Each structure stands twice: as structure tokens, then as C-alpha cells.
Amino acid sequence: MSLQKGLAYLAIPGPSVMPERVLRAMHRAAPNIYTGELTEMVPDILTDLNAMAQNEGHCVPYISNGHGVWEAALSNTLSRGDLVLVVSTGHFAHGWKNIAEALGIEVEVLEFGPASPVDPERLAERLAKDPGHRIKAVLCVHVDTSTSVKSDVEMVRAAIDAARHPALLMADCIASFGCDRFEMTPWGVDLMITACQKGLMTPPGMGFVFYNDKADQARETANCVTHYWDWRPRTEPDYFYKYFDGTAPTHHLYGLREALAMISEEGIDRVWRRHAILTQAIWATIDHWGTGGPVAMHVPNPEHRSHAVTTVTTGDSGSLALQEWCKTKAGLTLGIGLGMDRPDQFFRIGHMGYVNAQMILGALATIEAGMKATGLEHTPGGAAVAAEVIAAQA
Ligand SMILES: *Cc1c(COP(=O)(O)O)cnc(C)c1O
């Protein structure tokens, strides 16, 4: 008997749950793209995004998903034959690497394993062995969505500075933006990218590049850039159509403006805090289940875990039956294992953006029901553990 009908929770790490307010804001007739409300709202959206990122430099928009802004970031700052260093904590670092290689950029990967963050000491050691400064940029994924590992971007900056190396620091905040604390200018990040379909709660289709003057200097000589990805015409343009090099993503802009209003009403510190508390409830529950079975947090150290997504291992017992049960019986879609040797031994919980306590309590109780129904061994009572955390912290 399926109990699926009702409000579904798409608990995959992007696209995330979209608020009614965002969807309603998008439900309108086509607006004028030459003058009026739409043209006036884009500079405000970019100002809000910059404030949210704590960026004193520029923010440029693209009609694009995350892969597109991966390419925008690289093509505006690098030339064919340049060397970049990818510090990898999972699948998404390799995604960025593939884009770089396709552009003719040489890539070296520093691997930190599937469950550990970037080690600043190892990074500093590698940079110290590059006295000629062949390495032009360090590419760091803030939260790797496959492993749910979060790296300390401030420490990555400190490592680059300790080696007195001029490489640009680029951060992929596509998963983390609006979920995990991020402070672009204070942390010394030269370039950051994000997209609208995760913490920004808007349907997939817009990406953003944030950059500072140092990154813009790199643009002077970069020979990878093509007309469409060039950030210059999009930076504080004199004509509205240049923001998007053509027709603006009209309805996405209305949706995003509403999402940013929601974030600003709550306050970014409270948004981060909400994610932090909900995440603690998830971690405590998984630890509890794991005392009586194979279910465990994939990332052992809580300081290395994201507040946007949680990767859970189910060991040899596998996770596919559980995922299927949650979806078809209960209306909860979990994220699949990604980038692991045995993806069927993992599932992920996406808890980015528009999520609250009742959704997380419901999801955890549902997973527990699914484990019982599919015979995945665990200590029962995990949902009660989550309730304790929520009761104490709310
Ligand atoms: C989702 C994600 C991407 C890819 O974004 P797409 O919109 O799917 O192209 C890249 N990096 C990270 C960290 C992500 O979470």
C-alpha cells in the first residue's frame, strides 16, 4: 500500500524544494525586456547576491547551470596551456577539472580522499614546489555535493599566502551558497561561482560568477574566453540586454528576486543557523541508527561536513531498496550515491534552501520506516533523537 500522495519532499541535493512564493512570483505574463520593472530589478538582484556573498567585487549573471559557470570562471581568467591545481574532495572537483581540460588548460589534481577536506599543509607544500609560478589558479569546491565534505576556504587562502604564491583562488559554492557560511572578500577568495537551483531555491537556469580586481587582471590576458562567456560586457553594462548577451531569463529573475527577498527577511545568519540545527538533527539520528547496524555518516569529523547535503553509507546492505521504498511508499525522494566506487552503498539527503524542522523530522522518520520495511538493520528510535535536537535548539 503506497502512502505517497500528499506534499512530496524532493530531498536530492539540487534542484532543491521550491517555495510557493517563488513559483507564484514566476507565474505571470511575459514582461517587457527593454524597459520597466524587469530591467530595474536586475541591478538590485546582483547587489543582493554580492551582499549575500560578502563580495566587494563584481557579480555577473548567466543563463546557465553550474557547468556553464564552471566554464565562465576558467575561460575569463586562463589561457590554453596554463596549469591549474584542483584540490579534490569528491566528484564535483573532477567535473570542474574536465571542463578545464576541454578548454586546453593543463590540470593537476591534489586528491584528499572521499571523506576529508582540503589539507592546507599539503597544498602549501605543493605550491612551495612551484617557484616559477606555473600554477595560475587553485580550484576549490567549497562543499562537494557527492561526498558532502566541506573544506575550510579561509585556510586554503592561508595556505596560498603562506607559500607566497600568486595563484588565483577560485571557489565553487554551487552547493553551499545560502546554506553554509561563506564570506568571499573577508576570506580572500578571488572568484566564486554559484547557481540558482540549490540554496537560492529557484528553478535551474541561472548561474553567477563573482570576481575581484585580481581576477579581472587575469582577464586581460586570458585567451580561452569566447564572446558569450566574456564577463566584461555583462559587468555593469550600459544596455540591459548585455547582462545576458541576449534575452534575459525573465521568469527566473522574478523567482530569484522573491527567493532573495525571503532570505533577506529571515537574515542570512539565521538561514545559516537554521541549516546548522537541522543538520545536527540529521547527524545525531544517523549516529543513533548506526549503533545497531551498517548505517553511518560518510564524513567522520563533524567539522568537515556540509550543512547543505549529507552523504550516508549503508555498507554492504545497500541503499537502493531503501531509496525506492521512501519514494514509492512515502513521497520522499533521496539523493543517489554519486562518484563512489559503490554508489549503491550510499544515499544522500539534500537539505538545502527551503527546508524546515517538520520536513527534516518527517524525512528522518520516513527513512527509519523504510529501513524497517526493507530490513536494513539499525537501532530504532532515531526520529526521537532528532526530536530531542530540534526541541533543544529551536
Ligand atoms: C550541483 C553542483 C554543480 C553542477 O551544477 P549543474 O547545475 O548541475 O551544472 C557543480 N558543483 C557543485 C558543488 C554542485 O553542487
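**Exercise 1. Determine how helix H3 and helix H4 pack, and which residues form their contact.**

Solution. Step 1: Locate the elements. Helix H3 covers residues 66-75 and helix H4 covers residues 91-102; helices (H or I, at least four residues) and strands (E, at least two) are DSSP runs, numbered from the N terminus. This is a predicted model, in which local features need pLDDT of at least 70, side-chain atom pairs count only at pLDDT 80 or more, and totals for chains, interfaces and linings use all residues. Residues are numbered from 1 along each chain as its sequence is written, and side-chain values use heavy atoms, with hydrogens and water left out.

Step 2: Read the geometry. The axes of H3 and H4 are 9 Å apart, and the packing angle is about 55°. Axes are lines fitted to C-alpha atoms, for helices over the stretch in contact, and angles run from 0 to 180 degrees between N-to-C directions.

Step 3: Classify the angle. H3 and H4 are therefore oblique to each other. Angles under 35 degrees count as roughly parallel, over 145 as roughly antiparallel, 65 to 115 as roughly perpendicular and the rest as oblique.

Step 4: List the contact (heavy atoms within 4.5 Å). H3 contributes His-67, Trp-70, Glu-71, Ala-73 and Leu-74, while H4 contributes Phe-92, Gly-95, Trp-96, Ile-99 and Ala-100. Seven of these residues are nonpolar, two are polar and one is charged. Here Ala, Val, Leu, Ile, Met, Phe, Trp, Tyr, Cys and Pro count as nonpolar, Asp, Glu, Lys and Arg as charged, and the others, Gly among them, as polar.

**Exercise 2. Classify the packing of helix H5 and helix H6, and describe their contact.**

Solution. Step 1: H5 (residues 120-128) and H6 (residues 153-162) have axes 8 Å apart, at an angle of about 30°. Step 2: The two helices, H5 and H6, are therefore roughly parallel to each other. Step 3: Pro-120, Leu-123, Ala-124 and Leu-127 of H5 meet Met-155, Val-156, Ala-159 and Ile-160 of H6. This contact of H5 with H6 comprises eight nonpolar, no polar and no charged residues.

Step 4: Consider one further residue of H5, Arg-126. Leaving aside neighbours within four places in sequence, Arg-126 is in contact with Leu-85, Glu-108, Leu-110 and Ile-135.

**Exercise 3. Describe how helix H11 and helix H12 are arranged.**

Solution. Step 1: H11 (residues 357-374) and H12 (residues 382-393) have axes that come within 8 Å and cross at roughly 160°. Step 2: That makes H11 roughly antiparallel to H12. Step 3: On the H11 side the contact involves Ala-357, Leu-361, Leu-364, Ala-365 and Glu-368, and on the H12 side Gly-382, Ala-383, Ala-386, Ala-387 and Ile-390. The residues divide into eight nonpolar, one polar and one charged.

**Exercise 4. Identify the residues closest to the ligand and the distances of Thr-145, Asp-172 and Gln-197 from ligand atoms.**

Solution. Step 1: The ligand is surrounded by 13 residues, the closest being His-67, Thr-145, Asp-172, Gln-197 and Lys-198; a residue is near a molecule if one of its heavy atoms lies within 4 Å of it. Step 2: An oxygen atom of the ligand lies 2.4 Å from a polar side-chain atom of Thr-145. Step 3: For Asp-172, an N or O atom in the side chain is 2.7 Å from a nitrogen atom of the ligand. Step 4: A polar side-chain atom of Gln-197 is 2.7 Å from an oxygen atom of the ligand.

**Exercise 5. Locate Pro-15 and Gln-54, and state a backbone feature of each.**

Solution. Step 1: Pro-15 is in the loop between strand S1 (9-11) and helix H1 (20-26). The peptide bond from Gly-14 to Pro-15 is cis, with omega near 0°. Step 2: Gln-54 is in the loop between helix H2 (37-53) and strand S2 (58-63). Phi of Gln-54 is near 55°, a positive value in a residue other than glycine.

Key
Polar contact = N/O pair within 3.5 Å; in protein donor to acceptor, adjacent residues only side chain to side chain.
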